[in-house]
Amino acid sequence: MRMALSQSKSTKMGKSRLFRIFMIVGAVFMILLIIIYWDDVGASNFYLHTTISGPHPSRLSPQARRDPEKKIEEDKESSFLMDIDAFVNQFLEGTADPTEQVRGEPPPGDPHNQSSEKSDEKFVPRREWKIHLTPIDPEKKQKQESRKQLIQDVCSNRSFLDFPGKNRTFDDIPNKELDHLIVDDRHGIIYCYVPKVACTNWKRIMIVLSESLLLDGVPYQDPLDVPQELIHNSSLHFTFNKFWKRYGKFSRHLMKIKLKKYTKFLFVRDPFVRLISAYRNKFEQENEDFYKRFAVIMLKKYSNYSNPPASVVDAFAAGIRPSFSNFVRYLLDPNTEKEMPFNEHWRQIYRLCHPCQINYDFVGKLETLDEDAEHLLRILRVDNVVEFPQSHRNRTVSSWEQDWFASIPLESRKELYRLYEADFKLFGYSKPEKLLHE
C-alpha cells in the first residue's frame, strides 16, 4: 500500500516537473519568436519614426557637463536609448512626434550653438506644413516627369551607355559612398547634395528644417542666419553613411524604408560648367587646404615645378597656381584615382547620388534654380517655413566654355567628355558639339 502511494506521488511529481519543463521551454520559444519578429518587422517600424537626437542636458552626468570629451562619449552611449525613450513616450502618451520630446543638441564646442538649462524651458511651436488651394502648374509637373523619365531610360537601357555602378543594386553601394544623402526626419526629406550646384543654400535649408542648429536653445529660422563656417559642418547633417554607427544591422533596411516613404531630391548642373566653377572656386582663390592636397600635385606633375611654394599665400604672391589645363590633365590622368577618389567638387554626379539605384522624386537644375527651388519647397509643403535664398548672380555660365577650353587639346576635350558623359546623358545636357569638333 505504502509502495503504491509512493509510486503514485512519484508519478505526480514527475508529471509536475515535466509540465514545468514544458512551460519553460514554451516560454523560451515564445521569447525567441518575439525577438525574431522584432528583428524583421518591429525594428523597421520603430526606426522609421525615430530621428537623430542628442542627449537631453538634464540626463548628462556632472562629469560630462565639465568635460566635453566625456560628454561626447555619453552622447554616443545614450543616443540610442533616447530614441527608445521617445518611441515609448509616443506610444504611451499619444504624442504626435517623438522629436517633440527629444531635441537635437548642438555639436560640442560650437560657440554659435550653445544650449543652456534655459533651452529646456523654452518651447518652439512646430510650424505646420502649408496647404495650397491652387494646383501646381502642369508645365512644371511635366518638366519633372520628363527629367525623371530620362534618368529611368538611361539606367534601364543596358545597351545605350555603360558606366561604373550603373547595374548594381542599392545594397551593392558601399556605406562610404552614401555620405551625400542628408536626411530630415522631421519633414520626411532626403537631399543628395552636389558641390558647386547651390549646395550651400540647400544645406542652409536642411539645417533650418531639421532644427539641427540652435542658438540660445532656439532653432534657426532664416537660412541666411546660419553661420557660414557651420554650413558644411558634417555634425549638423545626418547622412546615410552615419546610419551604420547608429542603427547597426538595421541600417540598410531603414534606409530602404526612408527612401520609399520620404521625398528625395537633388540639383544638377552642366558637367563642364561645374568643372569650371570648381576650378575657379578652389584654385583661383586662396585655399590652403586645396592647394596642399591638390594644387601642389598638379604643379609638380604638369607644370614642372619640382619644389612649389609651401603655402598658398606664397604661391599666389609669386604668381604660381595650377592652370585650368593642369586641372584637366589631373582629371584625365589614370593614376589620379589610383591614389585617391575624385574630390566631391569634381566627382561625377552619378557617383555622388546614385540615380540608377535611388528613384528621386524631384530633379532640379541650377540653370532653372529659382523656379525649381520655389516648385520644390511647395511640393515639400514647407514654403511657409523657409524661403530659398536669392541666387548668386556671379555664376559660371555655359557661354564661358569656349574660352575656358580654348587651351585644352581636342583629344583631351573628347576624353573629358567621355569621363563625364553619364552625367550629360542622365540629366539631359546636350553634348558640347562645338568643343568636341574643332
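Mentor: Among the contacts in the protein with a separation of 6 or more, 73% are between residues 24 or more positions apart. The model is a predicted one. Its secondary structure comes to 18 helices and six strands, and buried residues make up 46% of the 438 residues.

The part to look at is helix H6, residues 199-210. At 1.5 Å a residue, its 12 residues should span 16 Å, and the end C-alpha atoms are 16 Å apart, which agrees. H6 is mostly covered, with 10 of its 12 residues buried. The buried residues are Cys-199, Asn-201, Trp-202, Lys-203, Arg-204, Ile-205, Met-206, Ile-207, Val-208 and Leu-209. Cys-199 has a relative accessible area of 7%, and it counts as buried because the cut-off is under 20%. In an α-helix there are 3.6 residues a turn, so residues three or four places apart point the same way. After H6 comes Glu-211, whose phi is positive, near 55°.

Next, the surroundings of this helix. The buried residues of H6 pack against strand S1 (181-184), strand S2 (189-192), strand S5 (263-268) and helix H15 (369-379).

Strand S2 holds Ile-190, which counts as buried at 0% relative accessibility. Not counting residues up to four places away in sequence, Ile-190 touches Leu-181, Ile-182, Val-183, Phe-240, Lys-258, Leu-259, Tyr-262, Thr-263, Lys-264 and Phe-265. The C-alpha atoms of Ile-190 and Asp-361 are separated by 9.9 Å, although the two residues are 171 residues apart along the chain.

Strand S2 also takes part in a disulfide. The structure holds two disulfides, and in one of them Cys-192 and Cys-353 have their sulfur atoms 1.9 Å apart. Cys-192 lies in strand S2 and Cys-353 in helix H14, so the pair ties together parts that are 161 residues apart in sequence. With -90° about the S-S bond, the link of Cys-192 and Cys-353 is left-handed. Cys-192 counts as buried at 0% relative accessibility, and Cys-353 counts as buried at 0% as well.

The other disulfide joins Cys-155 to Cys-356, with an S to S distance of 2.0 Å. Cys-155 lies in helix H5 (residues 138-156), while Cys-356 lies in the loop between helix H14 (349-353) and strand S6 (362-365), so this pair ties together parts that are 201 residues apart in sequence. The torsion about the S-S bond of Cys-155 and Cys-356 is about -85°, so the disulfide is left-handed. Cys-155 is buried, with a relative accessible area of 13%, whereas Cys-356 is partly exposed, with a relative accessible area of 22%. When the bonded cysteines of the protein are numbered in sequence order, the pairing is 1-4, 2-3.

The axes of H5 and H15 come within 11 Å and cross at roughly 100°. That makes H5 roughly perpendicular to H15. On the H5 side the contact is made by Lys-140, Lys-141, Lys-143, Gln-144 and Arg-147, and on the H15 side by Glu-371, Asp-372 and His-375. By class, this contact of H5 with H15 has no nonpolar, two polar and six charged residues.

One more residue belongs in the picture. Phe-427 lies in the loop between helix H17 (410-426) and helix H18 (433-436), and at 4% relative accessibility it counts as buried. Leaving aside neighbours within four places in sequence, Phe-427 is in contact with Leu-150, Ile-151, Leu-266, Val-268, Ile-349, Pro-355, Val-363 and Lys-365. Phe-427 and Pro-271 are 156 residues apart in sequence, and their C-alpha atoms are 9.6 Å apart in space.

How values were computed. Residues are numbered from 1 along each chain as its sequence is written. This is a predicted model: local features need pLDDT of at least 70, side-chain atom pairs count only at pLDDT 80 or more; totals for chains, interfaces and linings use all residues. Side-chain values use heavy atoms; hydrogens and water are left out. Helices (H or I, at least four residues) and strands (E, at least two) are DSSP runs, numbered from the N terminus. The expected span of a helix is 1.5 Å times one less than its number of residues. Buried means under 20% relative accessible area, exposed over 50%, partly exposed in between (1.4 Å probe, protein chains only). Contact means heavy atoms within 4.5 Å. A disulfide is a pair of cysteine sulfur atoms within 2.5 Å. Axes are lines fitted to C-alpha atoms, for helices over the stretch in contact, and angles run from 0 to 180 degrees between N-to-C directions. Angles under 35 degrees count as roughly parallel, over 145 as roughly antiparallel, 65 to 115 as roughly perpendicular and the rest as oblique. Ala, Val, Leu, Ile, Met, Phe, Trp, Tyr, Cys and Pro count as nonpolar, Asp, Glu, Lys and Arg as charged, and the others, Gly among them, as polar.
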